[in-house]
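User: I'd like to learn how to read the features of a two-chain model. Can you take me through it step by step?

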Amino acid sequence: MDIAIGTQLDRIIIIAYFTLVMGFGAYFGKYSKTTSDYFFGGRRFSWWLIAISIVATGVGSHSFVKYSTKAYQYGFSSTMTYMNDWFFMPLFMFGWLPIIYYTKIKSIPEYFERRFNRKARYIATLMTLLYMIGYIAIQFLTLATALYKIYGIPLMLTVVLIAIATTIYMHFGGQTSVIFTDLFQGFILIFAGLLLFYLGIQYLGDNTAFTGMKAFWMNLSPNEKLPLAHFNHPPDFNFVGIFWQDGIAGSVGFLFLNQGLIMRFMAAKSVNEGRKAAAFNVLIILPISAIVVSNAGWIGRAITNAVPNALPVDMAANDIFVAVTNIVSSPGVFGFIIAALCAALMSTADTLVNASSAIIINDIYRPLAKKLKNEKEQLKLARWTSIGVKVLAVSLVPFFNSFDSIYEAHGWFHSTFTPPLVVGVFLGIFWKRFTTSAVIATFLGGAFLMLLGQSFPELIRPFSHGIEFRPGRGYSYIGALYNIFVCAGVGIIVTFFTKPKTEKQLSGLTIFDVHNLKNIFKGSSVNEEKGESINVTWKIKEIDSDLVCFSINDMKRMKANPGDLVFVEDSRWWLGGLKSAHCIYGEPHNEDGLVYITNKHLSHGQFIEGLKLKAEKEM
Amino acid sequence: MDFAQTWLPFIYLYGIGGIAFVFGLNLILRTKALRLSYSRHKKWIWIFLYGFFFYAGIHALFIFIAIGSQ
């Protein structure tokens, strides 16, 4: 089928959108002074800012195409993968999140070195980088596939142009730019997706016997209203396979191994803010996102059921998103919705590029460099590294373009790179006995057995739950269960024959020490007394390092003592912690309502003369 | 609509997923990563349970509706 390519107005809107986002992102470059700011945003943001910005990270450009296709073919069960992430939230929020936050681990591979050894770190680095750079390539390919039809520019040139556009704002801004552009694009994504749903329902109302939601609901069959797919049929979309691939391997991979997501949570001003962001995201944002990415397919199905000739009979299911958008929206609106697709791509790609760059600096450059460059030089290196990551991703696009579909390329990724890392990190956090030799065996032996399973599908048959075997394609999703089983099996067996690390060597690195992590982080005992947060004016006073000085009475209100940790931020809540700094209480004075800060805090927090600061004790 | 289309996936999802969920909850309580004696921690137990039954409720509701609309 020839997909409508939009009007001149649509093309202008898409370009205007790209320009707006690039300018928006580049503006926030001034908040990146160090590599910590560049990668982690200075650990200062409020939960709501983190939660909304995660929307745009989680919803990739491939999501619209992929989920609309499944929604068109199978109805509401397309939402399965968005509605199965809650099971691991207790372990994430009270296990993994405090570990990475309080131990100040900068990357997933760094955790592998601290928990196991340097060899484990290097293998994890290689696997994580391959996974992320490939993922970026898929994002570029997805959007280029849509845009080159609209602009008529060759596919690879479109890929290069998209890579350049994302480079412009990321190069200068780093994580702060990523968070703020993702915040903006998160709103755009949700709005555009819901707008499309509204327009689709209106279209159905105008063209069928019913009106409003009834026009949508009554034109779907009972099967299409089921929220979960058939247990084990058909082979390309069944419940049990997708449960193991996405609900187990995917969820653990996303929560525990996605460096981009981890860095986003590390940008939160506290662990508690990170928990709130995670809970809000899974309970509120994910169900909305499921509707946002799937509704074009549902509308398309309802249109096909009610108005048989409205959509071309020979239309490929993959084209449903663009086809439905085109028939239900007017010129200009079509451009806006495609711009939202761009939003999804840029947000996912920028997060992954920033994360890959962090891994290259933290896990390759810093451990291997004989003489570390100064902070400014490292920041420069980080910026150039992000360009290098994009060049590599662009070069991988032709490889992924050779897969039958983006869905297949994406699935191949998950099943190949995630299971060994998932098993390694999961057993590392939650099983003290898990040994260094066992994690290496999990990576190498597990990978070997996984490859064996791909070559000899009969090995996977006992795990197949009755899913039909497709010659040439094997067992698609359920392969994840086999992969997890063999990786975990190797890890567990080797553990029992090797010597574990001592309690002291594991301090702070497993869930069994989480209750003590705050003390380790602070370096002294934690002050858990609950105090007030206060608003104060500020003055500069050049005193030692990180110390800020409040009055005796203000300290009493905050229930703080000298040496405790304090978070000061611009008192305007809607900045979400953008202008803020983490400091230490110094000796108090007698001027109530006033805090003395240093030039270093001023430079980091970019506070504005005459505006009050809000201060609260951290611990 | 047969059982394999309706309630079997639901039972499998909340059976296996439920085991993972209860294991996680038990582990964070046992290791004192989540302490019920802290007032700011106590609310999280309720949020975790709410989340589990929220999703189970949505899935069950839509299965009932789909069966009912045959």
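**Helix packing and the chain interface**

Analyst: Let's start with two helices in touch: M89(A), F92(A), M93(A), F94(A), L97(A), P98(A), Y101(A) and Y102(A) of α5(A) meet V271(A), G274(A), R275(A), A278(A), A279(A) and V282(A) of α12(A). Contact here means heavy atoms within 4.5 Å. By class, this contact has 12 nonpolar, one polar and one charged residues. Ala, Val, Leu, Ile, Met, Phe, Trp, Tyr, Cys and Pro count as nonpolar, Asp, Glu, Lys and Arg as charged, and the others, Gly among them, as polar. Bear in mind that this is a predicted model, where local features need pLDDT of at least 70 and side-chain atom pairs count only at pLDDT 80 or more, while totals for chains, interfaces and linings use all residues. Residues are numbered from 1 along each chain as its sequence is written, chains are lettered from A in the order in which they are written, and side-chain values use heavy atoms, with hydrogens and water left out.

User: At what angle do the axes of α5 and α12 of chain A cross?

Analyst: Axes are lines fitted to C-alpha atoms, for helices over the stretch in contact, with angles from 0 to 180 degrees between N-to-C directions. Helices are DSSP runs (H or I, at least four residues), as are strands (E, at least two), numbered from the N terminus. Here α5 (residues 89–102) and α12 (residues 271–306) of chain A have axes that come within 10 Å and cross at roughly 145°.

User: How do I read the size of an interface?

Analyst: It is often given as the accessible area lost when the parts come together. The buried area (1.4 Å probe, summed over both parts) is about 3800 Å² between chain A and chain B, with carbon and sulfur atoms giving 77%. The contact takes 42 residues from chain A and 45 residues from chain B.

User: How many salt bridges does the rule find across the interface of chain A and chain B?

Analyst: The rule wants a side-chain nitrogen of Lys or Arg within 4 Å of a carboxyl oxygen of Asp or Glu. Across this interface it finds one, where R40(B) meets E528(A) at 2.8 Å, N to O. On the chain A side, α5, α10 (239–257) and α12 each supply at least two residues that touch chain B.

Notes:
Buried area = accessible area lost by both parts, 1.4 Å probe.
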